[in-house]
Amino acid sequence: MIQFILNGQPESSAAPLTVRDLLERRGLAGKRVAVERNGEIVPRARHAEVPIADGDRLEIVVAVGGG
């Protein structure tokens, strides 16, 4: 079981997760998002390879268009 903080809220997962897995679980796969892990931006090209580890702090920001 890993525990992490997502947008200021405690979360947990029994299975290993990558950033992409987390985005898919949240229904954000394919959307314009920015992901920060422990204070560093995770480039979109690396979402599938960056694991979420116990104690990580993540921020996900969704880009919203409008005018």
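Biologist: In which loop does Asn38 lie?

Modeller: Asn38 lies in the loop between strand E4 (33–37) and E5. Helices (H or I, at least four residues) and strands (E, at least two) are DSSP runs, numbered from the N terminus. This is a predicted model, in which local features need pLDDT of at least 70, side-chain atom pairs count only at pLDDT 80 or more, and totals for chains, interfaces and linings use all residues. Residues are numbered from 1 along each chain as its sequence is written, and side-chain values use heavy atoms, with hydrogens and water left out.

Biologist: What is phi of Asn38 near?

Modeller: Most residues other than glycine have a negative phi. Phi of Asn38 is positive, near 55 degrees.

Biologist: How do E1 and E2 pair?

Modeller: Two strands pair if DSSP finds at least two bridges between them. E1 and E2 pair in the antiparallel sense over five bridges, and Leu6 has Gln9 in E2 as its bridge partner. Strand E1 (residues 2–6) also pairs with strand E7 (residues 57–62), in the parallel sense over two bridges.

Biologist: What is the order of the strands in the open sheet?

Modeller: The order of the five strands is E2-E1-E7-E4-E5, with mixed pairing. Strand E2 (9–13) and strand E5 (40–41) each have a single partner strand, so one side of each is left without a neighbour in the sheet.
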